[in-house]
Amino acid sequence: MTTTTLDERIAKPRLLDRLVVRPEIGALLGAVVVFLFFTLVTDQFFSGSGVATWLDDASTLGIMAVAVSLLMIGGEFDLSAGVLTASTALVTATLATRAGWNVWLALFASLVFALAVGAFNGWLVLRTGLPSFIVTLGTFLALQGLNLGVTRLVTGTVQVSGMRSTDGYESAGFVFASTVDVGGTAFQISIVWWIGFAVLAAWLLVRTRFGNWVFAVGGSAPSARAVGVPVMRTKIMLFMTTALAAWLVGSINILRFASVQANQGIGLEFQYIIAAVIGGCLLTGGFGSAIGAAIGALIFGMARQGIVFARWDSDWFMLFLGVMLLSAVLVNNAFRRRAERVRR
């Protein structure tokens, strides 16, 4: 009688092993816990209006977190992402309300501006070899100064308003700032943009050659360059993707609220990074998930609005944020080590 032993290289992986290699699994578990907790603590959280509220809160953060996650997987950071959302909104609003441009033309001009900033960030990082943290911090300060200085010069204040009376506002507002009725509850169109952006980013990461390049340059740029990966082009495109997301969020905000403050968006860049880390991205690059970053933003939205629904002091949100960040870093490192053992 003979027995055969199945080669471990072709053995079907266990379910646990298949789950462990997914960067977003920790964020998914965290989202389930947060959802169940606030559903039990408050009655409003799981109502139609409650769901619409925390999804809306998470949507624009989620768009940016997804783009930032791609950049972090590629081994870089962008500290100018938050203030760039305000910059693009200011460009759109100023051209539409002060120069009399059609809103769609103003949106195109602000898109070109955003992509130029992203390309400049990427080019400067690659050409100088300086850390992207330093380069984009400089861009952050420059944009902050431009936002305040130019807005005050043009309007005499630090705010641009009056979008609702501009040519093309209605059609642009329908695309970027309308609502979708679901079961009698109005959900912001930004939620659709968020889901679509996350799905597209996830597909690019796991199904395309560009996604392979992103993981390669984040893991080791010299090694990636040695096997023919266009490192400079890949990283510049990642910075431009972050800028594109900033333009999208800025467009949603200016068309929804019809006004923009020059100091808007400052400080949000850290929330984007934290959401990406909660979603499974490592600060060292080469590991992460776009879907995980979207889930990280969802956790933000649920926690922030859940605290409001529970009538707690909003200061507790910062404690939650700190605990979630530290927990995510520890969990991500543990999952990565386990995933490396499974892949061997």
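Helices, of at least four residues, and strands, of at least two, are DSSP runs numbered from the N terminus.

**Figure 1. Overview of the protein chain.** The model shown here, and in every view below, is predicted. The protein chain holds 14 helices and four strands. Its radius of gyration is 22 Å, close to the 20 Å that the globule rule gives for 344 residues, so the chain is as compact as a globular protein of that length. Along its principal axes the C-alpha trace spans about 90 × 55 × 35 Å. Of the 344 residues, 51% are buried. Among contacts between residues at least 6 apart in sequence, 78% join residues at least 24 apart.

**Figure 2. Surface and charges of the protein chain.** The chain carries 23 positive and 16 negative charges.

Figure 3. Strand S2 covers residues 179–182 and strand S3 covers residues 185–188. The two strands pair in the antiparallel sense, over four bridges. Threonine 179 stands opposite glutamine 188 of S3, and valine 182 has threonine 185 of S3 as its bridge partner. Two residues lie between the strands of this hairpin. Glycine 183 takes a positive phi there, near 60°.

**Figure 4. Serine 190 in helix H8.** Helix H8 runs over residues 189–207 and includes serine 190. Serine 190 has a relative accessible area of 2%, so it counts as buried, the limit for that class being under 20%. Leaving out residues up to four places away in sequence, serine 190 touches Asp56, Ser59, Ile63 and Ile252. Threonine 60 is 130 residues from serine 190 in sequence, yet the two C-alpha atoms are 6.7 Å apart in space.

**Figure 5. Threonine 139 in helix H6.** Helix H6 spans residues 132–155, and threonine 139 is found in it. The relative accessibility of threonine 139 is 10%, so this residue counts as buried. With neighbours within four places in sequence left aside, threonine 139 is in contact with Ser80, Val117 and Asn121.

**Figure 6. Asparagine 147 in helix H6.** Asparagine 147 is also found in helix H6. Its relative accessibility is 6%, and asparagine 147 therefore counts as buried. Setting aside neighbours within four places in sequence, asparagine 147 is in contact with Val83, Ala86, Ser87, Leu90 and Ala262.

**Figure 7. Isoleucine 278 in helix H12.** Isoleucine 278 has its place in helix H12, which covers residues 268–278. At 4% relative accessibility, isoleucine 278 counts as buried. Residues up to four places away in sequence are not counted in the list of what isoleucine 278 touches: Ala27, Gly296, Ile299, Phe300, Met324 and Ala328. Leucine 326 is 48 residues from isoleucine 278 in sequence, and the C-alpha atoms of the pair are 8.9 Å apart in space.

**Figure 8. Alanine 258, a loop residue with positive phi.** Alanine 258 is found in the loop between helix H11, residues 231–257, and strand S4, residues 259–261. Alanine 258 has a phi near 65°, a positive value in a residue other than glycine. With a relative accessible area of 6%, alanine 258 is buried.

**Figure 9. Arginine 311, a loop residue with positive phi.** The place of arginine 311 is in the loop between helix H13, residues 290–309, and helix H14, residues 316–343. Arginine 311 is not a glycine, although its phi is positive, at about 60°. The relative accessibility of arginine 311 is 77%, so arginine 311 counts as exposed, a class that begins over 50%. Alanine 258, by contrast, is buried.

Methods:
Residues are numbered from 1 along each chain as its sequence is written. This is a predicted model: local features need pLDDT of at least 70, side-chain atom pairs count only at pLDDT 80 or more; totals for chains, interfaces and linings use all residues. Side-chain values use heavy atoms; hydrogens and water are left out. The radius of gyration is taken over C-alpha atoms; the globule rule is 2.2 Å times the number of residues to the power 0.38. Buried means under 20% relative accessible area, exposed over 50%, partly exposed in between (1.4 Å probe, protein chains only). Contact means heavy atoms within 4.5 Å. Lys and Arg count as positive and Asp and Glu as negative; His and the chain ends are not counted. The place of a charge is taken as NZ of Lys, CZ of Arg, CG of Asp or CD of Glu. Two strands pair if DSSP finds at least two bridges between them.
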